[in-house]
Amino acid sequence: MSHVIHSINSTINGCCDHRHVIADEEHHVYAADLINSAEALLFGRNTFDLLENFWPSAAERSDLPNYMVQFAKSINGAKKYVSSNGSLETDWSNCVLISGDIRDNMKSLRAKNSGALVIFGSPGMGRSLAEAGEIDESHFLIQPIAADGEPKLFSGLGAPIKLPLIDVTAFKSGVLLARYGRKA
């Protein structure tokens, strides 16, 4: 049975817009290590589309820092599930479309994967799965930035979710990686 980890960036006021992230070496190394420890990745459609626009070709670029190339190699080689009710036409390797309500699909995804299943970004899917009790571990990369914008972390949450703290790591950039366990 898979261990589900949700990793998401958020400003201090809850904005999850990818443009408000300190994406330095430490951040990329964290993300690559998480990918390399996972059996598979899971994305909502919007997050997948954002990543697909850049990372497949990044592994071959000589103008990028080595840590970005290494991240690209990690994400390109990983098995990627994409939750979407639309079609999936992609040249990105190792992609599998998951149609229908992701909450309904989690039982079979957990059964198919015995290792970690990592969700990157995908705030709407993360909220939905957290409410359903399907997230075993949450990684919040809290950016030292205040920014207005959408999407918001846990937007539309029906009831409070209490999460027990596992640990907090401070990055040199001021980003805090706060890791929480299954809802209490």
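## Cavities

On a 1 Å grid over the protein atoms alone, a cavity is a set of points where a 1.4 Å probe fits but cannot get out; a pocket is an open set with protein on both sides within 12 Å along at least five of seven lines; lining residues have an atom within 4 Å of a point. Grid points are joined across faces, edges and corners, and a volume is the space filled by probe spheres set on the points. A search of the whole structure finds 2 cavities of 30 Å³ or more.

This is a predicted model: local features need pLDDT of at least 70, side-chain atom pairs count only at pLDDT 80 or more, and totals for chains, interfaces and linings use all residues. Residues are numbered from 1 along each chain as its sequence is written, and side-chain values use heavy atoms, without hydrogens and water.

The second largest cavity holds about 40 Å³ of space. Its lining consists of His6, Gly126, Ala130, Ile135, Ser138, Phe140, Phe154 and Leu163. Helix 6 and strand 6 each supply at least two of the lining residues. Helices (H or I, at least four residues) and strands (E, at least two) are DSSP runs, numbered from the N terminus. By class, this lining has 5 nonpolar, 3 polar and no charged residues. Ala, Val, Leu, Ile, Met, Phe, Trp, Tyr, Cys and Pro count as nonpolar, Asp, Glu, Lys and Arg as charged, and the others, Gly among them, as polar.

## The largest pocket

The largest pocket has a volume of about 850 Å³. It is lined by 31 residues, and those closest to its centre are Asn9, His18, Thr47, Leu50 and Leu51. Two or more residues each come from strand 1 (3–11), helix 1 (25–37), helix 2 (45–52), helix 4 (66–77) and helix 6. Helix 2 gives the most, with 5 residues. The lining divides into 18 nonpolar, 11 polar and 2 charged residues.

8 strands form an open sheet in the order 4-3-2-5-1-6-8-7, with mixed pairing. Two strands pair if DSSP finds at least two bridges between them. Strand 4 (95–98) and strand 7 (165–170) are at the edges with a single partner strand each, so one side of each has no neighbour in the sheet. Neighbouring strands are turned by 20° against each other on average, direction ignored.

Strand 2 (residues 38–44) and strand 5 (residues 116–120) run parallel and are joined by 4 bridges. Leu41 stands opposite Val118 in strand 5. Helix 1 packs on the sheet, touching strand 1, strand 2, strand 5, strand 6 (137–143) and strand 8 (176–180). The direction of helix 1 makes about 115° with that of strand 2. Axes are lines fitted to C-alpha atoms, for helices over the stretch in contact, and angles run from 0 to 180 degrees between N-to-C directions.

## Helix 5 against helix 6

The axes of helix 5 (residues 102–112) and helix 6 (residues 123–131) come within 10 Å and cross at roughly 70°. Helix 5 is therefore roughly perpendicular to helix 6 (65 to 115 degrees; under 35 counts as roughly parallel, over 145 as roughly antiparallel, the rest as oblique). Ile102, Arg103 and Met106 of helix 5 make the contact with Met125, Ser128 and Leu129 of helix 6; contact means heavy atoms within 4.5 Å. This contact has 4 nonpolar, 1 polar and 1 charged residues.

## Backbone details

The peptide bond from Glu150 to Pro151 is cis, with omega near -5°. Pro151 sits in the loop between strand 6 and strand 7. Asn94 lies in the loop between strand 3 (80–83) and strand 4. Phi of Asn94 is near 65°, a positive value in a residue other than glycine.
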